[in-house]
Amino acid sequence: MITDYKRPKSLQEAHSYINDGWKVLGGGGYISKHQVDFQKVIDLQDLGLSFCKKEKDQLRYGAMTILQEMVECSFTPLELTEIIKKEKSFNIRNAASLAGTLLCADGRSDILAWFMCTGAKFLVNEEMIAIIDYLKSGKKALIEEIQIDLQQTIKYERISRTPDDFTIVGVFLSKNLTNNKMTMVINGLTEKTPLIFKDLDQSNILTDLSDLLKISRSQISTKWSSFEYQNKVINELVSRLLRQF
């Protein structure tokens with residue numbers, strides 16, 4: 001149950017509260033479901049962390065930008081807009097912040113998979129940290145913004161029971177336009193964060209795919225489908241995606 005509420009007027013003040021164990025309110029969706037875990041919360045609305053900006057080859061979102069603002073922003077890539085609208089209802093999009101959505105996402109989230117595949121980074125204490133590295137670190141620092149390099153092409157394919165249902169297996173592929181290396185993210189297989197494979201050569205992805213999945217076998221859940229089915233579907237989805245590059 002929330003017993004204390006503060007609304008810091010500066011980033012320095014917000015950092016101080018977080019260092020003392022206060023939790024960020026964000027859109028409030030997660031806290032409303034886990035009130036027993038939250039006593040002291042801070043509201044970041046006065047810190048100017050809600051924005052959508054495009055600067056040269058970089059896209060920047062404030063950590064407190066709500067999902068519906070992203071959908072309505074002309075800079076947001078069309079495929080990301082579609083993913084957000086499919087994964088989150090209109091009411092949730094009007095409340096949930098981007099940072100909160102990414103931090104609370106699980107291994108089935110298409111939104112998290114898309115951001116991971118782009119190599120998106122969090123700005124934390126003037127330091128840029130890849131989203132996957134931040135999630136694995138268990139840090140509790142204040143996220144100020146999310147940055148995406150636009151010098152890449154990203155495609156994705158997914159399998160679900162119905163078009164609007166959760167993802168059973170999804171594959172995201174991005175190609176860096178500078179060095180032509182590819183990043184692959186597979187979601188729907190793990191309970192926590194999706195699987196990610198970096199610095200792949202396009203010509204070798206299908207050849208190496210089985211070995212990559214075997215190496216990650218210990219992280220893969222068979223709650224929704226067998227490993228054999230997952231392997232078969234992933235190979236098909238990757239083949240489809242590679243034909244689009």
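Which residue in strand 8 is the bridge partner of R60? In the predicted model, that partner is Q147. The pair belongs to the contact between strand 5 (residues 58-62) and strand 8, which are joined in the antiparallel sense over five bridges. Within strand 8, I146 stands opposite Y61.

Strand 8 also pairs with strand 6 (residues 121-124), to which three bridges connect it in an antiparallel arrangement. Here F122 is the residue standing opposite I146; I146 therefore faces Y61 as well as F122 under the bridge-based criterion for strand pairing. Four of the five residues of strand 8 are buried, and the strand is mostly covered.

These pairings form part of an open sheet of five strands, in the order 4-5-8-6-7 and with antiparallel pairing. Strand 4 (52-55) and strand 7 are the edge strands, each pairing on one side only. From one strand to the next, the twist averages 25°.

Two or more lining residues are contributed by each of helix 7 (110-117), helix 8 (131-137), strand 7 (127-130), strand 8 (145-149), strand 10 (169-176), strand 11 (182-187) and strand 12 (195-200). By residue class, the lining of this pocket divides into ten nonpolar, ten polar and seven charged residues.

Key. Residues are numbered from 1 along each chain as its sequence is written. This is a predicted model: local features need pLDDT of at least 70, side-chain atom pairs count only at pLDDT 80 or more; totals for chains, interfaces and linings use all residues. Side-chain values use heavy atoms; hydrogens and water are left out. Ala, Val, Leu, Ile, Met, Phe, Trp, Tyr, Cys and Pro count as nonpolar, Asp, Glu, Lys and Arg as charged, and the others, Gly among them, as polar. Two strands pair if DSSP finds at least two bridges between them. Axes are lines fitted to C-alpha atoms, for helices over the stretch in contact, and angles run from 0 to 180 degrees between N-to-C directions. Buried means under 20% relative accessible area, exposed over 50%, partly exposed in between (1.4 Å probe, protein chains only).
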